[in-house]
Amino acid sequence: MFSSSKKNSNKNKRNSQIDTLIGNSTEIRGDVHFKDGLHIDGVVKGNVVATGEGSMLTMSEHGRIEGEVRVHNIVLNGSVEGDVYASEHIELAPAARVNGNVYYNLIEMAMGAEVNGNLVHKAGKPVEIKKPTPAATLVTGGIKGGIAEGGSS
């Protein structure tokens with residue numbers, strides 16, 4: 001009885017905790033991997049990836065990310081150039097701008113927020129948070145009409 005309320009209060013406390021701050025006059029070039037809480041007021045030119053359950057990313061209207069975002073919980077009020085994956089919850093505040101697809105389980109979107117891409121709902125099983133993979137190489141050729149190209153029938 002008491003343990004379930006304690007778990008919920010610990011989870012809420014963990015989600016509201018900010019362990020790392022990227023300041024307004026800071027620009028980071030490269031991927032950022034973090035655990036628990038991250039707040040961005042500056043610029044990140046790279047992917048932002050969270051590890052651990054209950055991770056939280058908050059971004060002010062001055063914040064900008066040029067890369068992919070993979071975090072469990074997100075409160076976005078800045079701009080993102082890339083896809084956003086929120087396995088639990090994403091809140092798009094009035095100044096939020098996303099140029100890319102948004103993959104979410106639960107979404108809140110304020111009037112004025114903008115998404116230039118697709119909103120993709122992932123119901124049930126949360127979106128898997130993992131390291132982004134390098135771009136795939138396009139392989140030409142393949143099977144056409146059930147017969148391998150260049151092959152004989």
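The model is predicted, so local features need pLDDT of at least 70 and side-chain atom pairs count only at pLDDT 80 or more, while totals for chains, interfaces and linings use all residues. Residues are numbered from 1 along each chain as its sequence is written, and side-chain values use heavy atoms, with hydrogens and water left out.

**Stop 1: strands β1 and β3**

Select residues 20–22, which form strand β1. Strands here are DSSP runs of E with at least two residues, numbered from the N terminus. β1 and β3 pair in the parallel sense over three bridges. Two strands count as paired if DSSP finds at least two bridges between them. Look for T20, which stands opposite L38 in β3.

Stay in β3 and pick D36. D36 has a positive phi of about 75 degrees, although it is not a glycine. Most residues other than glycine have a negative phi. D36 is partly exposed, because its relative accessible area is 22%. Buried means under 20% relative accessible area, exposed means over 50%, and partly exposed lies in between, with a 1.4 Å probe and protein chains only.

**Stop 2: strand β5**

β3 and β5 pair in the parallel sense over eight bridges. Check two positions along them: V32 stands opposite V48, and I40 stands opposite M59.

L57 has I74 as its bridge partner in β7.

**Stop 3: the largest nonpolar core**

Show side chains for I40, L57, I65 and I74. Of the 26 residues in the largest nonpolar core, these four touch the most other members. Such a core is a set of buried Ala, Val, Leu, Ile, Met, Phe, Trp, Tyr and Cys residues joined through side-chain atoms within 4.5 Å. In soluble globular proteins, nonpolar side chains tend to be buried together.

Centre on L57. Beyond four places away in sequence, L57 touches F34, L38, I40, I65, V69, V71, N73, I74 and V75. A contact means heavy atoms within 4.5 Å.

**Stop 4: the aromatic pair**

Select Y85 and Y103. They form a stacked aromatic pair, 4.5 Å centre to centre with 5 degrees between the planes. The structure holds one aromatic pair. Rings of Phe, Tyr and Trp (its six-membered ring) pair if their centres lie within 6.5 Å; planes under 30 degrees apart count as stacked, over 60 as edge-to-face and the rest as tilted.

Y85 sits in strand β9 (residues 84–92) and Y103 in strand β11 (residues 102–104), 18 residues apart. Y85 is buried, at 13% relative accessible area. Y103 is buried too, at 16%.

**Stop 5: I28**

Finish in strand β2 (residues 27–29), at I28. I28 is partly exposed, with a relative accessible area of 28%. Not counting residues up to four places away in sequence, I28 touches I22, V43, V44 and K45. Draw a distance to G46: the C-alpha atoms of I28 and G46 are 7.8 Å apart.

Key. Helix = DSSP H or I, 4+ residues; strand = E, 2+ residues; numbered from the N terminus.
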